[in-house]
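Student: I have a model open here and I'm new to it. Could you walk me through a few of its features?

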Amino acid sequence: MIEKIAQILCELISIESISSNSNLDIIEYIEQILASSDVTACRVPSPDGRKASLLATIGPADRAGVVLSAHTDVVPVEGQAWTVPPFAGVIRDQRVYGRGATDMKGFLAVVLSAVPRLKAAAQAVPVHLAFSYDEEIGCRGAPDLVRALMQSVAPPALAIVGEPTTMRVVRAHKGKVARRLTVIGRTGHSAMPHRATNAVDSAVAIAHALRGFADREVARGGDAAFDPPFTTIHVGSLHGGSMVNLVPERATLEYEIRTMPGRDAGEILARIDELVARERDRLRDSAPEADIISEELSAYPGLDTGADAPATRLVARLASDTQPATTVAFGTEAGLYAEAGIPTLVCGPGDMARGHKADEWIGFDELAAASAMIDRLAVLLGRPSADWMRE
Ligand SMILES: [Zn+2]
């Protein structure tokens, strides 16, 4: 079994599905594996058609089933000191090395290798395979995928997002919004700045105000289950100007907000929008053509499934995790499934501490543990009980 998983994982790694590339090659590869078990899948294309998510239901679609979720994209390898070829799939010392081994082609390989078993087992309860694109650049593919899922099947009773958690059950994480502000002022000679409108000054004023908002979130306090235990607001980039003797006409600033579960990102964004509107008015006092344009770069909701919810207890049993369900610092697509009304947990093989880095790897033992979770799930899918979630 582990040989089959490792072989599929190496093949997945060898398809360079970096978020900047089209992912249609890896989707085609997955379709072929599904087709070999007579499972048909449906593509959910990106708006430009360059990418697609994939949705496949195994078992009776009219009953509440289980979603197994993974993303097909990986982060780039540029600037990293790899000692193995990152897109080859190298097996060494009971480990598979390569980009995506942990995040999260390992889980994908485990699920794909289990398709024949799932097909045989899913007689009473269906399993939905939901594979997205562009997770790594802000969960861009998942919203359409979740919509397509909810339109095509009975509302699922459970979703497991197989991001690397060392097979611990993760019930909560923060949500995120990232935006770019482009400040447009008026250029002019630096000797006569009073006739120009300095875009960098304006961007710096906004950055300073955002820092004030961030401090207020710290003061609000929060939940010690998170590190840090409060909503964070941070400026990640600030660019503007080209030379010292010219008043800069343009500046860009990118910021992100990572919200605690229960904290409304909309309320913070509304305050930031007010701040931006005031700053825009101030700029227009001296340059009527001035503007500040705000664009959303990415956004996904947080996850906050109850520690004692039936879904949490069930996934703990499936994963053989005897410790209390935990939280993670990184974001996932889980919040999107939860927002659609599906009880959702994050649980998968590998350690995110190894993700996104050089020489990313996953152990055979980790893949085997995830495979055992899918086997326990398969037993449930065959059970005709109406109350399989609570058993
Ligand atoms: Zn991931």
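Predicted model: local features only at pLDDT ≥ 70, side-chain atom pairs only at ≥ 80, totals over all residues.

Student: Okay, and what is the peptide bond from aspartate 103 to methionine 104 like, cis or trans?

Tutor: That bond is cis, with an omega near -15 degrees. In general, most peptide bonds are trans.

Student: Which residues coordinate the zinc ion?

Tutor: The zinc ion is coordinated by His71 through NE2, by Asp103 through an OD atom and by Glu163 through two OE entries, at 1.9 to 2.6 Å. Along the sequence, these donor residues follow the spacing H-x31-D-x59-E. Histidine 71 belongs to strand S3 (residues 66-71) and aspartate 103 to helix H3, so this pair ties together parts that lie 32 residues apart in sequence.

Student: And why is the arrangement of the four donor atoms called irregular?

Tutor: The angles that the four donor atoms subtend around the zinc ion run from 54 to 143 degrees, and the arrangement is therefore irregular. For reference, the ideal angle for four tetrahedral donors is 109.5 degrees.

Student: Switching to packing, how do H3 and H10 sit against each other?

Tutor: Helix H3 (residues 101-113) packs on helix H10 (residues 364-381) at an angle of about 45 degrees, and their axes are 9 Å apart. That angle makes H3 oblique to H10, and the crossing of the two is right-handed.

Student: Which residues meet there?

Tutor: From H3 come Gly106, Phe107, Val110 and Val111, which meet Leu367, Ala370, Ser371, Met373 and Ile374 of H10. Sorted by kind, the residues of this contact are seven nonpolar, two polar and no charged.

Student: What about H2 and H3?

Tutor: The axes of helix H2 (residues 24-35) and H3 cross at roughly 25 degrees and come within 11 Å, which makes H2 roughly parallel to H3. In this contact Ile26, Ile30, Ile33 and Leu34 of H2 meet Lys105, Leu108 and Leu112 of H3, a set with six nonpolar, no polar and one charged.

Student: Back to the backbone: which residues does the cis bond with omega about -5 degrees join?

Tutor: That cis peptide bond joins aspartate 227 and proline 228, and proline 228 sits in the loop between helix H6 (199-220) and strand S11 (232-240).

Student: One last thing, is phi of glutamine 94 positive or negative?

Tutor: Phi of glutamine 94 is positive, near 60 degrees, in a residue other than glycine. Glutamine 94 is placed in the loop between strand S4 (90-92) and strand S5 (95-97).

Notes
Residues numbered from 1 in each chain as written. Heavy atoms only, no water. Axes fitted to C-alpha atoms, helices over the stretch in contact; angles between N-to-C directions. Helix = DSSP H or I, 4+ residues; strand = E, 2+ residues; numbered from the N terminus. Parallel < 35°, antiparallel > 145°, perpendicular 65-115°, else oblique. Left-handed = near helix turned anticlockwise from the far one by under 90°. Contact = heavy atoms within 4.5 Å. Nonpolar A, V, L, I, M, F, W, Y, C, P; charged D, E, K, R; others polar. Donors = N, O, S within 2.8 Å, 3.2 Å for Na, K, Ca; no water. Tetrahedral: all angles 85-135°; square planar, octahedral: opposite > 155°, others 65-115°.
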